[in-house]
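Dear colleague,

Please find the structure below, handed over for your use. My notes on what was found in it follow directly.

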Amino acid sequence: MMQTAALLFMLTGLWQDMTPKAKAESFKVPYRISKTQHIVVRAKINNSPPLNFVVDTGAPSFFIAEEAAKKAGIKPNANGWSIIDDLTFEGKLRAKKVKARIETPFQLKGMNGLALAGMELHGMIGYSILAKYEIHIDAKKDYMTWTPLDWTPPEPQGFTGSGKKNSQTPHLELLGSLMQGLGGIAGTRGGQPSKIRGFTGLVLEQRDKAVMVSSILLESPGAIAGIQKGDEVIKIGDMTIHDLQEANNLFGTFAAPETIDITIKRQNEIRKISIKTAFGI
């Protein structure tokens, strides 16, 4: 009897190992391409305004520029690290208790100093966060798909110092400062634009010659206004839409909060719907 029970126990464990686990919920994280051809996503640190982060697979950790951290009320410890209680990406993806390096890498300092990216960059999302997700990027779409993984990556190694001139070699730190200084001499400014791109919550796709709403983020301005999945986008404002790139470019010109009139086609009926954009996240 005991042998039978032991066998059943072993078979039960084997069955549990062989049973596929339910896949975690996926999130659609909007992104944009900077003038420097970097993939940039927006996120809030605790209750901060939306900030711009470069998705950098070569970065070992999550970096927050010192000035951005200061404005968000985040203070590093003696070794230059801080724990972020709540990190919310545009697309409703949230992470809790995220370890962040409070440091301005020379690349960010240089790009911001010379206004190369076309926007102010506030940090870099590196391996310590990216490794926790299965990430799919389709260049035809303006969002990535992030699916949480049941895995915790190892802690990044090789960081020393106080969080100021720490993980970078002195000559790289000098290069970043030099580029920042040249930006001041040239009169270029890498500050945050006075207008922040408006958020609609609409996810579009190209179907043959039509631009369709493939999905809508819950409780987003588009959902509240009454846009539905499957609607065909005919016009944005007074501009007739011919393809997906044209639609995404037009949406990128609207600030928050701003009202957009969108003409859609739904079951052969033409409707005009007004959306009031939000600050997103």
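In the hairpin formed by strand 15 and strand 16, 2 residues lie between the strands, and Q267 adopts a positive phi near 50°. Strands here are DSSP runs (E, at least two residues), numbered from the N terminus. Strand 15 is joined to strand 16 (residues 269-276) by 8 bridges in an antiparallel arrangement, with T263 having K272 of strand 16 as its bridge partner. Strand 15 (residues 259-266) also pairs with strand 13 (residues 232-236), antiparallel and over 4 bridges; there, E232 stands opposite K265. Two strands count as paired if DSSP finds at least two bridges between them.

A further open sheet consists of 3 strands in the order 1-10-9, with antiparallel pairing. Its edge strands, strand 1 (27-30) and strand 9 (133-137), each pair on one side only. Strand 9 is connected to strand 10 (residues 143-148) by 5 bridges, and E134 has T147 as its bridge partner in strand 10.

As to confidence, this is a predicted model, in which local features need pLDDT of at least 70 and side-chain atom pairs count only at pLDDT 80 or more, while totals for chains, interfaces and linings use all residues. Residues are numbered from 1 along each chain as its sequence is written, and side-chain values use heavy atoms, leaving out hydrogens and water. The protein chain has an average pLDDT (the predictor's confidence in each residue, from 0 to 100) of 80, and 77% of the residues score at least 70. Over residues 5-10 the pLDDT is below 50. Where pLDDT is low, the predicted coordinates should not be read in detail.

Kind regards

Definitions and conventions. Contact = heavy atoms within 4.5 Å.
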